[in-house]
Amino acid sequence: MNNNKLSNRLQLVLEQIPQGSIVADIGSDHALLPVAAVGSGRALSAIAGEVNPGPFEAARRGVAEAGLGKVIAVRRGDGLEVLEPREADCITIAGMGGALIASILDRGRSLGKLEGVRTLALQPNVGEDILRRWLLSHDWVLAAEHILEEDGKIYEILTAVKEDAAAGISNELLYRDLKLDCGLVCERELLLEMGPWLLQAPNAVFFAKWQAEIAKLEGILSSLSRSAQPSAADRRHKISSQIKQIKGVLECLPKDKL
């Protein structure tokens with residue numbers, strides 16, 4: 001059996017997979033996630049998809065070493081092309097940019113590859129807001145959000161399920177205005193940027209991420225202050241407003257559990 005330990009990031013992705021799932025892990029690299037999902041009994045079977053030859057071969061070796069070749073299929077292909085409609089009920093994609101994950105899902109959706117899928121467990125390295133917007137636009141509702149730091153990097157994990165208004169699973173509810181204790185109201189645009197669940201239960205990593213974002217925006221603002229271009233004035237105003245908004249939210253959020 002393969003005894004490779006998952007990183008904290010992948011362990012958290014693993015925990016988003018519903019018990020008894022059939023998982024398709026896209027961009028599987030060494031197939032660590034599907035091996036762990038099946039090996040732990042969380043998934044009944046899995047598909048490990050890889051487009052690049054090196055990681056594809058590594059995934060094949062990983063599955064073979066784990067002795068799971070009969071229940072994990074390793075396939076080479078681009079995105080969800082490795083998957084047949086209704087072949088899996090949970091899709092995991094980890095370690096890519098949010099825009100790339102969104103494009104993989106969008107192309108797969110147009111090919112019918114999301115038919116039968118009930119859960120998406122996604123870990124974008126950047127561009128989380130882009131992914132939230134895609135999910136919102138295609139009737140997927142965030143069921144959970146997690147944020148953690150590992151090896152000096154901050155990661156977010158977004159878990160989404162299909163919209164079901166009758167069961168109370170709706171984006172209308174998720175993205176309704178969120179009123180913070182101080183009276184500040186977070187509207188949909190801000191919820192998409194910062195995360196509707198993360199804003200309701202912020203941890204130290206969440207604060208660290210947005211403090212770093214403020215520092216980055218202040219650096220841009222400093223550079224723009226040296227420009228006499230008319231467009232620079234507009235950007236300065238926009239960035240100043242962003243900084244003010246983020247600072248206002250962070251000041252409002254509870255810090256007693258940090």
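Which residues of α9 are buried? In this predicted model, where residues are numbered from 1 along each chain as its sequence is written, local features need pLDDT of at least 70, side-chain atom pairs count only at pLDDT 80 or more, and totals for chains, interfaces and linings use all residues. Side-chain values use heavy atoms, with hydrogens and water left out. Back to α9: its buried residues are Val 205, Phe 206, Phe 207, Lys 209, Trp 210, Ile 214, Leu 217 and Leu 224. Buried here means under 20% relative accessible area, exposed means over 50%, and partly exposed is in between, with a 1.4 Å probe and protein chains only. Helices (H or I, at least four residues) and strands (E, at least two) are DSSP runs numbered from the N terminus.

As for its dimensions, α9 has 21 residues and reaches 30 Å from its first C-alpha to its last, close to the 30 Å expected at 1.5 Å a residue. That expected span is 1.5 Å times one less than the number of residues in the helix. The cover over the buried residues of α9 includes α5, β6, β7, α7, α8 and α10, counting a contact as heavy atoms within 4.5 Å.

Ala 232, Ile 239, Ile 243, Ile 246, Val 249, Leu 250 and Cys 252 are its buried residues. These pack against β9 (185–186), α7 (188–194), α8 (196–200) and α9 (204–224).

Next comes α4, a helix of 13 residues that reaches 18 Å from end to end by C-alpha, close to the 18 Å expected. Gly 98, Ile 101, Ala 102, Ile 104, Leu 105 and Gly 108 are buried in α4. Looking down the axis of α4, these buried residues fall within an arc of 160° (taken from the directions from the helix axis to the C-beta atoms), so they line one face of the helix. An α-helix has 3.6 residues a turn, so residues three or four places apart point the same way. Among the elements covering the buried residues of α4 are β1 (21–26), β4 (90–96), β5 (119–124) and α5.

How do α4 and α5 sit relative to each other, and at what angle do their axes cross? The axes of α4 (98–110) and α5 (128–137) come within 7 Å and cross at roughly 25°. Axes are lines fitted to C-alpha atoms, for helices over the stretch in contact, with angles from 0 to 180 degrees between N-to-C directions. The two helices are therefore roughly parallel to each other; angles under 35 degrees count as roughly parallel, over 145 as roughly antiparallel, 65 to 115 as roughly perpendicular and the rest as oblique. On the α4 side, the contact is made by Gly 98, Ala 99, Ile 101, Ala 102, Leu 105, Asp 106 and Arg 109, and on the α5 side by Ile 130, Leu 131 and Trp 134. By class, that gives seven nonpolar, one polar and two charged residues. Ala, Val, Leu, Ile, Met, Phe, Trp, Tyr, Cys and Pro count as nonpolar, Asp, Glu, Lys and Arg as charged, and the others, Gly among them, as polar.

Ser 110 also belongs to α4, and at 55% relative accessibility it counts as exposed. Just after α4, Gly 112 takes a positive phi of about 80°. Positive phi values turn up in residues other than glycine too. Arg 86, with phi near 65°, lies in the loop between β3 (72–76) and β4 and is exposed at 61% relative accessibility. Asp 151, with phi near 55°, sits in the loop between β6 and β7 (153–162) and is exposed at 78%.

Leu 148, in strand β6 (140–150), is buried at 12% relative accessibility. Beyond its neighbours within four places in sequence, Leu 148 is in contact with Asn 8, Arg 9, Leu 12, Lys 153, Ile 154, Tyr 155, Ile 157 and Val 205. Lys 179 of strand β8 (178–179), by contrast, is exposed at 62%. With neighbours within four places again left aside, Lys 179 is in contact with Leu 184 and Val 185.
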